[in-house]
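Please read the following briefing alongside the sequence and the coordinates.

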Amino acid sequence: MSHLQNLLLDTLLGTKHVDSAALIKLHERSLCVTSPGFSVMPSDVRTLVNGFAKNPLITRREGLYFKEKDYKCVRADDYSLYAKNENTGVIVVKTHQYLLVATYTAGMYPSVCVEATEKLEKYRKTGH
């Protein structure tokens with residue numbers, strides 16, 4: 001298992017409020033690493049990258065189609081996308097090189113998922 005995958009597992013899934021996670025190389029538009037069992041299709045990678053490439057207001061209005069579900073976007077800016085579908089959701093944060101993706105499901109606290117993802121993004125950006 002790679003250092004990056006360990007980081008995802010320990011920092012995000014270890015909270016018990018993140019169901020799955022992935023790291024996407026932004027410029028290559030390719031999947032770098034995922035948590036076990038989390039498959040992110042190339043079309044999903046494009047959707048997430050394009051969510052940042054568009055004007056955030058458009059992304060917020062249109063929402064996201066991710067992993068064969070329509071998600072209502074509750075936050076969209078230059079660095080974060082938060083979207084939900086009933087009692088599940090996806091959190092995406094952007095650095096210069098990566099998109100960090102985390103999902104949550106029923107029974108998990110979205111706020112803990114957001115906090116863990118945002119903190120890991122800051123760690124990845126600064127190195128501490």
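Cys113 counts as buried, because its relative accessibility is 0%, where buried means under 20% relative accessible area, exposed means over 50% and partly exposed lies in between, computed with a 1.4 Å probe on protein chains only. This is a predicted model, in which local features need pLDDT of at least 70 and side-chain atom pairs count only at pLDDT 80 or more, while totals for chains, interfaces and linings use all residues. Residues are numbered from 1 along each chain as its sequence is written, and side-chain values use heavy atoms, with hydrogens and water left out.

**Cysteines**

- The structure holds zero disulfides, a disulfide being a pair of cysteine sulfur atoms within 2.5 Å.
- Cys113 is in no disulfide, and the nearest cysteine sulfur, which belongs to Cys73, is 14 Å away.
- For Cys32, the closest cysteine sulfur is that of Cys113 at 19 Å, which is too far for a bond.
- Cys32 is partly exposed, because its relative accessible area is 28%.

**Fold and secondary structure**

- The chain contains four helices and seven strands, where helices (H or I, at least four residues) and strands (E, at least two) are DSSP runs numbered from the N terminus.
- Read from the N terminus on, the order of the elements is α-β-β-α-α-β-β-β-β-β-α.
- Of the contacts in the chain between residues at least 6 apart in sequence, 45% join residues at least 24 apart, a contact meaning heavy atoms within 4.5 Å.

**Dimensions, surface and charge**

- The chain has a radius of gyration of 13 Å, which agrees with the value near 14 Å that a compact globule of 128 residues would have; the radius is taken over C-alpha atoms, and the globule rule is 2.2 Å times the number of residues to the power 0.38.
- Taken along the principal axes, the C-alpha atoms fill a box of roughly 35 × 35 × 25 Å.
- Of the 128 residues of the chain, 47% count as buried.
- The accessible surface of the chain comes to about 7100 Å², and 51% of this belongs to carbon and sulfur atoms; the areas come from the Shrake-Rupley method with a 1.4 Å probe, and for residues only the protein chains shown count as cover.
- There are 17 positive and 13 negative side chains in the chain, and the centres of the two sets lie 3 Å apart; Lys and Arg count as positive and Asp and Glu as negative, whereas His and the chain ends are not counted, and the place of a charge is taken as NZ of Lys, CZ of Arg, CG of Asp or CD of Glu.

**The loop between E3 and E4**

- Lys67 lies in the loop between strand E3 (64-66) and E4, and its phi is positive, at about 50 degrees, although Lys67 is not a glycine.
- Lys67 is partly exposed, because its relative accessible area is 32%.
- Glu68 is found in the loop between E3 and E4, and Glu68 has a positive phi of about 65 degrees although it is not a glycine.
- Glu68 counts as exposed, because its relative accessibility is 68%.

**Residues in strands**

- Val74, in strand E4 (residues 69-76), is partly exposed, with a relative accessible area of 34%.
- Not counting residues up to four places away in sequence, Val74 touches Arg60, Tyr82, Ala83 and Lys84, and the C-alpha atoms of Val74 and Lys84, ten residues apart in sequence, are 7.3 Å apart in space.
- Thr34 has its place in strand E2 (residues 30-34) and counts as buried at 16% relative accessibility.
- Leaving aside neighbours within four places in sequence, Thr34 is in contact with Gln5, Leu8, Ala21, Ala22 and Val40.
- Thr34 and Tyr109 are 75 residues apart in sequence and, C-alpha to C-alpha, 21 Å apart in space.

**Residues in helices**

- Ser111, placed in helix H4 (residues 110-126), counts as exposed at 52% relative accessibility.
- Although 94 residues separate Ser111 and His17 in sequence, their C-alpha atoms are 8.7 Å apart in space.
- Glu62 lies in helix H3 (residues 56-62) and counts as exposed at 53% relative accessibility.
- Glu62 and Glu115 are 53 residues apart in sequence, and their C-alpha atoms are 24 Å apart in space.
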